[in-house]
Each structure stands twice: as structure tokens, then as C-alpha cells.
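My entries follow in the order in which I made them.

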Amino acid sequence: PALVRKSRAPHVSMPAAAEPSPAEVERLMSDPRVRELQYKLAHGGEKFKLEVTNEKPQEVRNIVVPEGASEEEQMAALQRAMEEEARNKQREADEEARRAAAAKAERIAQSDPWCYVLSGAGTAAANGTYMRDGTAVKNGARVYVNERGFLLSHEVVGGGEGWIVGVAPKAYYGFQTTDKLAPEEGWAVQEHGSSPAPRVAHVEPLMAVEAAKREGNAAFKKGDHAAAVQRYGEALETAAACSGAHGLSDELLAVLHGNRAEARLQLGEHAEAEGDADAALELDPCFVKAYVRRAKALHAQERWGAAEAALRDALEVSPGAREVFAQQEEYRVAALARSGKEAVLSELSGLLGRLSALVRRKGTASEVTSLLRQLPSLLASLKTKPTDDPAVPGGLIYESAPNHDAQVYVRLATNGFALLAPLLRPM
């Protein structure tokens, strides 16, 4: 039977591949667990597990000892098992090192840093962000420069090869390596540098693009649409400068164009928004939101037919897209508003009738809301006039309306539909 001890054992100092000294043998044999093992061996046990603890448990498996073995035979079996365990651990360590080296090689092969960030250098001017020095390449690696004129480059000097931080001809920090990716740590202080040596972080193109995208999203959420356009533009510029870099997929670039299209719509830059939407669809023809944003941009430019065609294209891609259906209905109502006052009043009367029916039968909130969303475009096309009625929020009423329900809707709308709430059942 197997024997496993959960508690920590006394410290046992025994070389993995050398014969133990008499003192070590005596100390090991005095361990209560070893005495217990001896008992089990003497009573027929053939296999057991032993945990020998230094800093962490070490498990020795499958020790085979004949019944009635002497202490010397038991110790020899234990020694062989520990040596085998040491060899197994070395093989595991070698395999882990091999995998790490392969991962590093793959990372270097895929890497083409957009910039490096140096920090902690004793020479303060050497710290900061090192951007690509145009398209400059030296000894198979790009050249980077910070705002103070310090260069980060791969040099071959005096038969040696490695990365240098400095201002030619002065070297401040160096690292000897054939790798074309600058190392993070282990830099040596050179003749003109001051301790400590810097830590170097590389920023891949995907990292830079994602960072700019996050900043754009944050700006959009705050309502700073101009800043959002700028950040999305920076992300796209970085991606264009690093075309083909690892992780810069067409889907990511389509999202950036789509996001910038929405920000430009908010700024009233409709032609530019159309261009971004078109670019997004060229990269990802299944991007439904890009179709919708293209439709909005076209509609704002009074290209009604093209806007409706964009929405039909969206439904070809995603037949059940609610956002597209809602946009189509909005454009249908807008078309009625453009057709003249009589058409507006007729449509408005029908909508109010359906709204009244929904309220009477206690329709769901989503059903009522879908109707209410159609009303503002129609009502906006009707003329308003001031009123002295203190019960009318805003002091404006419509000059003409199909019936009293229209005036009621004005009050409901200006009060956030609060008066409808008791009449609606939950969705």
C-alpha cells in the first residue's frame, strides 16, 4: 500500500547522486516515517511513496524492495529512487526550458515593436518613449529614437553584437545579444551611462492600436466626439504604418472605421462618416452596424433611396436585425413627413389610435415604446405655437392635430412617458 505524509518532514540533506555519509544515514533512519516504512517493508509491503521536504515536498515513487531487506538494501533502493526522481525532474526542467526558448523565438519572429518605453535609467535623458525612426533599419533591426535624441539600435561593435542606448558615438547602456527584439532587463551600464540600468518595455503594433481604440471609446462615452475621432484616427494610422503586423486583423480595422463613422455622425460630418462606413464594409462585409451608419450618413445627405438600400443590404446579412427594422421604420415616417402635412396627420392619427388600443389592452412596454418612437418625427414636422395654458410643459402646442390624443402625447412626451407607466404591464 502507498504511504503519503501530508505534514512537513525534518530537513534531510542528501546529495541526489552521491552515497550518503554515515551521519546522514543515521539521521534519515531516525526519521519516524522511515521507521514506519521499515515496518511496512518487513510486513510484506513492496511499493510506497515518500515525501522528502526541503523547500517543497519531493515525491519518490515506485520503490521496490524485497521482503526482509536489510537497512543497507533499503537505503540503496531509496537512493536509486531519489536519483531516478532527480533525473526525471531534470528532464522536466529541460523540456520547460525548451518550450520557453521556442515561445521566445516565436515571439521574436512575430514581433515588430511600434515603440519601446525605457524607465528607471540613472541617466534621466535616456528614459521615455522611443518611437520608430522612420523606416530606418540597422543590422536587421529597426532604429528607435526618443524626444531627447537618444537612439535605441542594434549594433555590431568590435566583433560583438547587441542593443545600444546612446547618442552617437556615446554608449550609455548596452545588452549583448543576437536577438532583434530589445530585452526587458539585464542591461549593462556603459562608459557614459549612470546606474541604475533601465528597464525596457516593448509595445507591439496591436497593443498601440488597442490602446488608442480604448481611449477613443472612453472619449465617445464622455460625449467628446472630436477626441474620439482623433483617437480612432491614431489607431488607424498606427495600423496602416504596421500593415501585416501580428493581430491587426481586418475585423479590428473594420471596427475602428465603424466607431469613427459613428463619432463623425454625432459631429454632423456626414460625408466623412459615409467614407468610414464604406471602409468598414470593405474590410468586413458582414458588419451590420456599418450598414446602419452608412444609411444614417446617406439619409443626412438627403440621399433617401441610397439610405434605404443600405438598410436592405444589412437585412441580407442579418435578416433579424432589430436595429435595422427600427431604422427602416424611422425612415418610413420621415418620408411621410416629407410628403406633406395631410399625410403626416393621417399617419399620426393611425399611430395614436394604435397607441390607445395598446393602452386599453395593457400592451407591453416594448410594444408601446415601438409606437412612441415613431411619433417624434411626425410631430416635429407639424408647426407649434405658444400657449398660456400652465398645464402644458414648455408652453407650446401644435397648431393642428387630428384629435385631442396628439395634445395628450405632447404632455406624455415632455414628462418622459411617466403618465403611461401605470397602464403598462411588464415585458
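**Entry 1, overall.** I began by noting that this is a predicted model. I counted 14 helices and twelve strands in the protein, and I found that buried residues make up 38% of its 427 residues. I also looked at contacts between residues at least 6 apart in sequence, and 47% of these join residues at least 24 apart.

I looked up H4, residues 205–221, and compared its length with expectation: its 17 residues should span 24 Å at 1.5 Å a residue, and its end C-alpha atoms are 24 Å apart, which agrees. Its buried residues are Pro205, Ala208, Val209, Ala212, Lys213, Gly216 and Ala219. Seen down the axis of H4, these fall within an arc of 135°, so they line one face of the helix. On the face turned away from that buried side I found the exposed residues Arg214 and Lys221. I then asked what covers the buried residues of H4. The cover includes strand E4 (128–138), strand E10 (199–203), H5 and H6. Just after H4, I noted that glycine 223 takes a positive phi of about 90°.

H5, residues 225–241, has 17 residues and reaches 24 Å from its first C-alpha to its last, close to the 24 Å expected. I listed its buried residues as His225, Ala227, Ala228, Val229, Tyr232, Gly233, Ala235, Leu236, Thr238 and Ala239, and they pack against H4 and H6. Arginine 231 lies in this helix, and I wanted to know how exposed it is. Its relative accessible area is 25%, and it therefore counts as partly exposed, given that this class lies between 20% and 50%. Leaving out residues up to four places away in sequence, I found that arginine 231 touches Ala212, Glu215 and Gly216. I also looked up the pair of arginine 231 and lysine 213, which are 18 residues apart in sequence and 6.6 Å apart in space, C-alpha to C-alpha.

H7 (residues 270–283) has 14 residues and reaches 20 Å from its first C-alpha to its last, close to the 20 Å expected at 1.5 Å a residue. Its buried residues are Ala273, Glu274, Asp276, Ala277, Ala280 and Leu281. They cover an arc of only 165° around the axis, which puts them on the same side of H7. What covers them includes helix H6 (250–266) and helix H8 (288–300).

I next asked at what angle H7 and H8 cross. Their axes come within 8 Å and cross at roughly 155°, which makes H7 roughly antiparallel to H8, and the crossing is left-handed. In this contact His270, Ala273, Glu274, Ala277, Asp278, Ala280 and Leu281 in H7 meet Ala290, Tyr291, Arg293, Arg294, Ala297, Leu298 and Ala300 in H8.

H6 and H8 also pack on each other, at an angle of about 30° and with their axes 10 Å apart, and they are therefore roughly parallel. This crossing, too, is left-handed. Gly258, Asn259, Ala261, Glu262 and Leu265 of H6 make the contact with Arg293, Lys296 and Ala297 of H8.

Most residues other than glycine have a negative phi, and most peptide bonds are trans, so I searched for departures from both patterns.

- A cis peptide bond joins alanine 168 and proline 169, with omega about 5°, and proline 169 lies in the loop between strand E7 (160–167) and strand E8 (170–176).
- The bond from serine 195 to proline 196 is also cis, with omega near 0°, and I placed proline 196 in the loop between strand E9 (188–189) and E10.
- Asparagine 139 has a positive phi of about 55° although it is not a glycine; it sits in the loop between E4 and strand E5 (141–145) and is partly exposed, with a relative accessible area of 35%.
- Glutamate 302, likewise not a glycine, has a positive phi of about 60°; it is found in the loop between H8 and helix H9 (304–317), and at 56% relative accessibility it counts as exposed.

Note on methods
Residues are numbered from 1 along each chain as its sequence is written. This is a predicted model: local features need pLDDT of at least 70, side-chain atom pairs count only at pLDDT 80 or more; totals for chains, interfaces and linings use all residues. Side-chain values use heavy atoms; hydrogens and water are left out. Helices (H or I, at least four residues) and strands (E, at least two) are DSSP runs, numbered from the N terminus. The expected span of a helix is 1.5 Å times one less than its number of residues. Buried means under 20% relative accessible area, exposed over 50%, partly exposed in between (1.4 Å probe, protein chains only). The arc is that of the directions from the helix axis to the C-beta atoms. Contact means heavy atoms within 4.5 Å. Axes are lines fitted to C-alpha atoms, for helices over the stretch in contact, and angles run from 0 to 180 degrees between N-to-C directions. Angles under 35 degrees count as roughly parallel, over 145 as roughly antiparallel, 65 to 115 as roughly perpendicular and the rest as oblique. A crossing is left-handed if the near helix is turned anticlockwise from the far one by less than a right angle, and right-handed if clockwise.
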